[in-house]
There are 2 protein chains.
Amino acid sequence: MTQTTDATALDTVLAYHQAWTSGDIDRAMTMVADDIVCRAPGEELNGKEAYRDYLAAFAPMLTGLTDVGNLADGDHVALFYYPHTAVTSTAAAAEHFTVRDDLITESVLVFDRLSFAPPNQR
Amino acid sequence: MTQTTDATALDTVLAYHQAWTSGDIDRAMTMVADDIVCRAPGEELNGKEAYRDYLAAFAPMLTGLTDVGNLADGDHVALFYYPHTAVTSTAAAAEHFTVRDDLITESVLVFDRLSFAPPNQR
């Protein structure tokens, strides 16, 4: 007897998160739906290409990460963490994901743009 | 036989959230520990008085709210929502709470300060 086990929403999101935070944008994008909608600070990103460009612009700035917490409920997953960059390691980021058929279809991304801006741009 | 049912962490946080978002700061503060530590954008708030002042400064600006999601896991609760103010209703806020003995002891509060600033201050 064969049993198929689908990945949980949390599995999908953690694999996505692990991939992009280690710089592997290609792998991260295999967990993202073509029609992803992401509400990010100051802009809405529609579709995988826009989302990929956004993530690829930030990922090289990441020097480390402190985890705060991961919570899951059905198709929804929340991640809270402190991204480390050259300018801060104490400004939290939060993401609320919706996962359907093992792909991320929606993301609400929250962070404080001022905290991540270079000091001379604040 | 008497059975005592403790409030869950989610019950505590939702009661807190309902209270402050309806303008009842006094009631909200009954769900907050004296030694709360809150990491907010650009500052850390230590103790109930500092936290109360911070919340009391923002609460009058709230004109409404759109819920995104609530997730709970043991002592931890995450809330995501769009606060409505005079300047925005599409900038998300996220809170990650730690609850001990029915009181909120830690909060990581995430929002984009630029999105909530008056247009002439951006």
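In the predicted model, chain B contains an open sheet of 6 strands, arranged in the order β2-β1-β6-β5-β4-β3 with mixed pairing. The edges of this sheet are formed by β2 (43-46) and β3 (64-73) of chain B, each of which pairs on one side only. Between neighbouring strands of the sheet the average turn is 15°, direction ignored.

Two helices of chain B pack on this sheet. Helix α1 (residues 9-21) of chain B touches β1 (32-40), β3, β4, β5 and β6 (103-111) of that chain, and the direction of α1(B) makes about 20° with that of β4(B). Helix α3 (residues 48-58) of chain B touches β1, β2, β4, β5 and β6 of chain B; here the direction of the helix makes about 60° with that of β1(B). Within the sheet, strand β4 (residues 76-84) and strand β5 (residues 93-100) of chain B run antiparallel and are joined by 6 bridges. In this pairing, Phe80(B) is located opposite Ala94(B) of β5(B).

The packing of α3(B) can be described residue by residue. Tyr51(B), Tyr54(B) and Leu55(B) are buried in this helix. Viewed down the axis of α3(B), the buried residues fall within an arc of 90°, and therefore line one face of the helix. An α-helix has 3.6 residues a turn, so residues three or four places apart point the same way. Glu49(B) and Ala57(B), on the other side of α3(B), are exposed. The cover over the buried residues of α3(B) includes α1, α2 (25-29), β1, β2, β5 and β6 of chain B.

Ser107(B) is located in strand β6 of chain B and has a relative accessible area of 2%; because the cut-off for burial is under 20%, Ser107(B) counts as buried.

In chain A, the UniProt record, an unreviewed entry, places the feature "domain: SnoaL-like" at residues 13-106. This span of chain A is 27% helix and 47% strand, and its end C-alpha atoms lie 11 Å apart.

Strand β5 (residues 93-100) of chain A is mostly covered, with 7 of its 8 residues buried. Strand β4 (residues 76-84) of chain A pairs with β5(A) in the antiparallel sense through 6 bridges, and Leu79(A) has Glu95(A) of β5(A) as its bridge partner. Strand β5(A) is also joined by 8 bridges to strand β6 (residues 103-111) of chain A, again in an antiparallel arrangement. In this second pairing, Phe97(A) has Ser107(A) of β6(A) as its bridge partner. The strands β5(A) and β6(A) form a hairpin with 2 residues between them. In the turn of this hairpin, Asp101(A) has a positive phi of about 50°.

Terms used. Residues numbered from 1 in each chain as written. Chains lettered and ligands numbered in written order. Predicted model: local features only at pLDDT ≥ 70, side-chain atom pairs only at ≥ 80, totals over all residues. Heavy atoms only, no water. Pairing = 2+ DSSP bridges. Helix = DSSP H or I, 4+ residues; strand = E, 2+ residues; numbered from the N terminus. Axes fitted to C-alpha atoms, helices over the stretch in contact; angles between N-to-C directions. Contact = heavy atoms within 4.5 Å. UniProt positions renumbered as here; feature names shortened; annotations may be inferred. Buried < 20%, exposed > 50% of the residue type's maximum accessible area, 1.4 Å probe, protein only. Arc of directions from axis to C-beta.
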